[in-house]
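Hi everyone, thanks for coming.

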Amino acid sequence: MLQPNSSDDRGIQKWQGFFLSEHSEQMEQEQQHDAWLEEMSAESIQEVLALGLLHQRLLVFQLKPKQDDRTDRYPEPLMKGYLRGSEGERLILQTNQGIQQIVVAQIHHVYYEERVKKWYT
């Protein structure tokens, strides 16, 4: 009968520590990415966009994956901006990075950013 060798036990513990640290790193990376939101219908998107333009609300967009990014399981970071107008199927947004354009057909999900009530009102 073979007796466990202390060097064997130490080797197993070494590898378990390696796998645990690798798993922890992977979990941290996954938490840094946004999750996919529910895909909205074209009518729902149009309704949110119309109200966003009318009331000048901050809109948050999640775009559909690009054709060449289908293997990527994480969406692009959310885009925030105020809707300033449109040119055909392109929306003109005022974002922190300046004026940007997005195509309506590329919108996966859009919603209003909740306004934070000021403590002094």
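I'll start with the sheet, then go to the helix across it, and finish with a few side chains.

Quick housekeeping: this is a predicted model, so local features need pLDDT of at least 70, side-chain atom pairs count only at pLDDT 80 or more, and totals for chains, interfaces and linings use all residues. Residues are numbered from 1 along each chain as its sequence is written, and side-chain values use heavy atoms, with hydrogens and water left out.

Okay, the sheet. Strands of a sheet pair through backbone hydrogen bonds, either parallel or antiparallel. Here we've got five strands in an open sheet, ordered S4-S3-S2-S1-S5, with antiparallel pairing. The edges are S4 (98–103) and S5 (107–112), and each of those pairs on one side only. On average, neighbouring strands are turned by 45° against each other, ignoring direction. The strands are DSSP runs (E, at least two residues; helices are H or I, at least four), numbered from the N terminus, and two strands pair if DSSP finds at least two bridges between them.

Now, which strands does helix H2 lie across? H2, residues 42–55, lies across S1, S2, S3 and S5, and runs at about 40° to S5. For that angle, axes are lines fitted to C-alpha atoms, for helices over the stretch in contact, and angles run from 0 to 180 degrees between N-to-C directions.

On to side chains. Gln62 sits in strand S1, residues 59–63. Is Gln62 buried or exposed? Buried, with a relative accessible area of 1%; the cut-offs are under 20% for buried, over 50% for exposed, and partly exposed in between, with a 1.4 Å probe and protein chains only. A polar atom of its side chain lies 2.9 Å from the backbone nitrogen of Leu37.

His108 is in strand S5, and at 9% relative accessibility it counts as buried too. Its side chain reaches the backbone oxygen of Leu37 at 2.8 Å. Leaving out residues up to four places away in sequence, His108 touches several others, including Trp36, Met40 and Gln62; contact means heavy atoms within 4.5 Å.

That's my tour, so over to you!

Terms used:
A polar contact is a pair of N or O atoms within 3.5 Å; within protein, one must be able to donate a hydrogen and the other to accept it, and residues adjacent in sequence count only if both atoms are side-chain atoms.
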